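Thank you all for coming. Please have the sequence and the structure open while I talk, and I will go through one part after another.

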Number of protein chains: 2
Amino acid sequence: MENTEKNIKFEINKKLIASIEAMVDVKNNSGILTLLEDFHYADIAEIFSELSLEHSTYIIKLLDSEKTADILKELDDDDREKILKNLSAKEIAEEIEELDSDDATDIISELPEHRQEKVIAQIEDTELVEDIKELLSYDEDTAGGLMAKELVQVNENWSVTRCVKEMRSQAENVTRVHSIYVVDNDGKLIGRLSLKDLLMASPRANISEVYIPKVDFVDVNEDVEDVAKVMQKYDLEAIPVVDDNRILLGRITIDDVVDVMKEEAEKDYQLAAGISQDVEADDTVWELTKARLPWLVLGLLGGLGSVFIMEGYEEIMTNEKYSKLFFFTPLIAAMAGNVGVQSSAIIVQGLANDVVKGSLFNRLLKEISLSLINGIVLGLLVILFGYATGMDLEFSLTIAISMLCVIIVAALIGTFVPIILDKKGIDPAIATGPFITTSNDIFGIFLFFYIAKLMLHF
Amino acid sequence: MENTEKNIKFEINKKLIASIEAMVDVKNNSGILTLLEDFHYADIAEIFSELSLEHSTYIIKLLDSEKTADILKELDDDDREKILKNLSAKEIAEEIEELDSDDATDIISELPEHRQEKVIAQIEDTELVEDIKELLSYDEDTAGGLMAKELVQVNENWSVTRCVKEMRSQAENVTRVHSIYVVDNDGKLIGRLSLKDLLMASPRANISEVYIPKVDFVDVNEDVEDVAKVMQKYDLEAIPVVDDNRILLGRITIDDVVDVMKEEAEKDYQLAAGISQDVEADDTVWELTKARLPWLVLGLLGGLGSVFIMEGYEEIMTNEKYSKLFFFTPLIAAMAGNVGVQSSAIIVQGLANDVVKGSLFNRLLKEISLSLINGIVLGLLVILFGYATGMDLEFSLTIAISMLCVIIVAALIGTFVPIILDKKGIDPAIATGPFITTSNDIFGIFLFFYIAKLMLHF
């Protein structure tokens, strides 16, 4: 038995890919089956991302649908879409029958509408069809869109013995039993029971005597991000989903929520970097361009805006005393941008974790004192630089003081724009990237020349 | 029983905080106990973050240690540290005895060294003391540092009946039973068994007949980030941890891994925003300054570097035809910075998800074609802008072409710096933020003037 154990490390390599391709090319079916037999479906999905569509489709049709269903579930959306195009409605239906209702619904919802109906018509398991139809009716960003219908539920009036019997038959459909949900005669959720409790209870007891009436649940219309937050906060591995009348509809498990959290974190990170769509390093040039170009155009418009501001000061260009100001515009723009990004990132993360508390006035005071400290230190460095390079003290003082003002304003913009967006119900993460950098660039340069004009009297 | 059910929504409000403070002030102990009785420990931890240290400590000492242990576990590090300072070694030991070995070890490891020993000496449960000492010996970034010692393990030679009996006694110490691990006489991990399997097995069967010999495991020295990746990839809710001889040492559950993943995502995000330490919006001004100022100094040095570059072109400042170039430096710096951040973010995320495949040469081609598309579109916009504002075509063409070159170089730097860092074993995430922006700023301005000089012959 030793050899069937496996360590978690799976490394894809060119040799493996080449040998699979070679076996498909010569239609060595038994070789493929033997090779892939011990592979985890997630590993095969990884292998598929390296194979051509023809090779992948051949293998999908060859393998047992019990295995291929899980592989399909695991593939990334683009790869799956291409493979499903090569399968008939009947073949897709066979795959789907192997999946839990939530995964089945995810795959069906990705199909073009005219194919959805055809595939559903081919599914033989009528209960699954009903479940899929129900799940398709929920918004995908709500608890209903994330939940699975498979769960173990028992009636409060049953005995422990009957419960174990019923559970055995229900549990066959449920991959992992986290909790047994207890309902009343109307199907209303009234409590839970762990498998451990059931194992330890006297067989003659009644469920109503042993169940735990304290049960967390979410409403079917709850936002998935809120569900994720709650499951993480309370360390829940599964949570039941109910309707307005507290009728038990389904359950959400932690593995689905982990995916939601990961996507959320990646989305925020990409927005902060000026990438507006969910792209990956291996996507096509065209997809990457669509995600990146709009933000660069925004940056360009901002840069052209600062050209206009500086044109207003063109006459000082010929005056050797003042013209050096133009050398400092990239510095000012960079400081304004960096400070803005820092402030906004802290606020956006704080809002996501609900740690932004206290009054706006206190936050204002904090950002101003933080900016004063940073600005004074950086200003002193500028004066030192000026001294070392033989600049006029008046001139370096002007740069230091206007930079201080720019830093304060940039921090305030970086702090309050996300807070205002959040209050208006807009995702504050869009304010962390090029948006805040660009507006702070323009504002910083404007302020820089304005203050310099006041101080140097030009 | 109805009223003990609860929806997941918990909202902290000023009235609640004020009434708790008032009860503590008048030492209304029974009032506090009644109010907090039905609160989840995670909610009480949230309340604590709003209370003064005196109020929190009073409540910690008042409540049962069964509840306060979980509250302490849930508090953020700073709050916990302050409260623990107010407790005696004996009091801390009582809290710790209520926790699982992993949480207990986390709290002890945060104490100053001289207190650690005192607290451990006060723990009565000798098994827990041994577990804590073992867990303290592992690096906190490895599987050993994350795992708990509590698990349910059975011997392959036991009968199902004996297994259920043993399990009942072991399971009392295990909050959640995900899997029952099967070991041989040497304690070597050879398989697993789900509770479901156990419930369904014949009582007379032997474990060796019913267990599943396929079991995923991780080595005790495995990096936690790799453990997180694997658990997510294979949708595991728990994974056993073994030593070099495959002796079962402990297990890691998904809730711990969710925390690791979240911290990791937040760290990358903060690095990208130029924040070098794990800070939150509610941290002190001093902590925030320490995390932010170093990156601003880096940005300042970069900005001063570009001052030097521009000083080299000071003589063209008095020439009206060329002096306008200086108006475009913030634009060039912004484009170089934005493109660099985009490229590096995609690569860093790709490296984290293992999607960066193919040869370096292919990646080079891709980045160059992407930059060409973006650069040409943006260049055309600049020429359009020049036409609309009456600029020389030669001049606007110069800006467009040098910007195109800057974009290509910035994309290449943004792509290859993280790849090189990753190959050298350095976290590529440090290359996403101010580091890449600053170096691209300088390099972009240098290139801009250099190309302009070639094209305009000054």
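Helices (H or I, at least four residues) and strands (E, at least two) are DSSP runs here, numbered from the N terminus, and two strands pair if DSSP finds at least two bridges between them.

Before I go further, a word on the source: this is a predicted model, in which local features need pLDDT of at least 70 and side-chain atom pairs count only at pLDDT 80 or more, while totals for chains, interfaces and linings use all residues. Residues are numbered from 1 along each chain as its sequence is written, and chains are lettered from A and ligands numbered from 1 in the order in which they are written.

E6(B) covers residues 238-242 and E7(B) covers residues 248-253, and the two pair in the antiparallel sense over 5 bridges, with Thr253(B) in E7(B) as the bridge partner of Ala238(B). How many residues of strand E6 of chain B are buried? The count is 5 of its 5 residues, where buried means that 20 or more other C-beta atoms lie within 10 Å of a residue's own, exposed means 12 or fewer, and partly exposed is in between, with C-beta atoms placed from the backbone. In a regular strand the side chains alternate between the two faces of the sheet. For E6(B), both faces are covered, with Ala238(B), Pro240(B) and Val242(B) buried on one side and Ile239(B) and Val241(B) buried on the other.

E6(B) also runs parallel to strand E5 (residues 216-219) of chain B, to which 2 bridges join it, and there Asp219(B) has Val242(B) in E6(B) as its bridge partner. Between E5(B) and E6(B) the chain passes through helix H15 (residues 224-233) of chain B, a β-α-β crossover that is right-handed, meaning that, with the strands pointing away from the viewer, the path from the first strand over the helix to the second runs clockwise.

Strand E2 (residues 152-155) runs parallel to strand E3 (residues 180-183), joined by 4 bridges, with Val152(B) partnered by Ile180(B) and Asn155(B) standing opposite Val183(B). E2(B) has a covered face, made of Val152(B) and Val154(B), and an uncovered one, made of Gln153(B) and Asn155(B). E3(B) is in turn joined by 4 bridges to strand E4 (residues 189-193), which runs antiparallel to it, and Ile180(B) has Leu193(B) as its bridge partner in E4(B). E3(B) and E4(B) form a hairpin with 5 residues between them, and Gly187(B) in the turn has a positive phi of about 85°.

Now to two single residues. Leaving aside residues up to four places away in sequence, His55(B) touches Glu21(B) and Val24(B), where contact means that the C-beta atoms, placed from the backbone, lie within 7 Å. Glu50(B) sits in the loop between helix H3 (41-48) and H4 of chain B, and is partly exposed, with 17 other C-beta atoms within 10 Å. With the sequence neighbours up to four places away again left out, Glu50(B) touches Ile12(B) and Ile17(B).

Finally, the two copies. The contact takes 103 residues from chain B and 103 residues from chain A, and helix H17 (residues 285-311) of chain B gives the most to the side of chain B that touches chain A, with 17 residues.

Key. Two residues are in contact if their C-beta atoms, placed from the backbone, lie within 7 Å.
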